[in-house]
Amino acid sequence: MNNIIEINDITAPELDVYARTSEVQLLRYYEPKPGIFIAESPKVIERALNAGYEPLSFLVEHKDLEGEAKQILERYPGIPVYTAEYDVLVEMTGYALARGMLCAMKRRRLPSVEEICQNTSRIAILENVVNPTNIGAIFRSAAALHMDAVLLTSGCSDPLYRRAARVSMGTVFQIPWTYFDKKSSWPEEGMKAIRNLGFKTVAMALREDSFSIDDPKLLAEEKLAIVLGTEGDGLASQTIADCDYTVKIPMSHGVDSLNVAAASAVAFWELGRRRYDKC
């Protein structure tokens, strides 16, 4: 491969996207056009590439040039591949690399809620989930447990942030997702848009006046949107009031709640069963 570039100066400007540019700055890199994100690890990078994302450059540890990274790099002979020993890359980026490989990629225009929800019957809605690790874990569960799409309010962490995408194992590139229009209000206008698309909404909340998660009435709904709230506080009271159903996961041993990522897996498995039972 003739596109291998040895890193001799970690302050070189072409390495800024990996070393000295925050994820928020990357997001706005080409503003008003879509910006850049950093994908980490061969599996995540491969899933992003397979989903059609365009690579700008690669950053690879020496030993991985002939390892997992090799087949990916051979697909893109014209893209720069910056390389160095592991300790140099850690010094430059400020964190330990997962499987010795990063890739800077162009973002794409996000589709509208209406585009995302076409031909779907089970979707997840995330309200102000701010932890990238939780975002990644929720996406992984959504992809595995029969959700067709994920919608996010403007207060949510970005699914393409490096840690979120890595925790998701690249499923953020496999399941359709988008944000609600930031100019529209949540939950008022957002809920209205979902209802206009034919969905009944399910608030996952710690309320006693709630449906059982395995209630046949829920499983019989043609279209369900499962709404999950932020870490700690959960869903806003107005959001719960606006939903068609409120569902509480029954728990034992005096445990009062689950982490939102764990709760999402339970909810997606139970409430996604209508499609699953047809498989």
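Residues are numbered from 1 along each chain as its sequence is written. In this predicted model, local features need pLDDT of at least 70 and side-chain atom pairs count only at pLDDT 80 or more, whereas totals for chains, interfaces and linings use all residues.

**Pockets**

A pocket is an open set of points on a 1 Å grid over the protein atoms alone, where a 1.4 Å probe fits, with protein on both sides within 12 Å along at least five of seven lines; lining residues have an atom within 4 Å of a point.

| Pocket | Volume | Lining classes |
|---|---|---|
| Largest | about 780 Å³ | 14 nonpolar, 6 polar, 11 charged residues |

The largest pocket is lined by 31 residues, and Leu110, Thr178, Tyr179, Phe180 and Lys182 are the closest to its centre. Helix H6 (113-116), strand S8 (177-179) and helix H9 (188-196) each contribute at least two residues to this lining.

For the second largest pocket, with 21 lining residues, those closest to the centre are Met204, Leu206, Gly234, Ser257 and Leu258. Strand S12 (245-248) and helix H12 (260-271) are the elements that give two or more residues to that lining.

**Strand S2**

In strand S2 (residues 36-40), 5 of 5 residues are buried (under 20% relative accessible area, with a 1.4 Å probe and protein chains only). Ile36, Ile38 and Glu40 lie on one side, with Phe37 and Ala39 on the other, and both faces are covered. S2 pairs with strand S5 (residues 101-106) in the antiparallel sense over 5 bridges; pairing requires at least two DSSP bridges. Within this pairing, Glu40 stands opposite Leu102 in S5.

Key:
Side-chain values use heavy atoms; hydrogens and water are left out. Grid points are joined across faces, edges and corners, and a volume is the space filled by probe spheres set on the points. Helices (H or I, at least four residues) and strands (E, at least two) are DSSP runs, numbered from the N terminus. Ala, Val, Leu, Ile, Met, Phe, Trp, Tyr, Cys and Pro count as nonpolar, Asp, Glu, Lys and Arg as charged, and the others, Gly among them, as polar. Buried means under 20% relative accessible area, exposed over 50%, partly exposed in between (1.4 Å probe, protein chains only).
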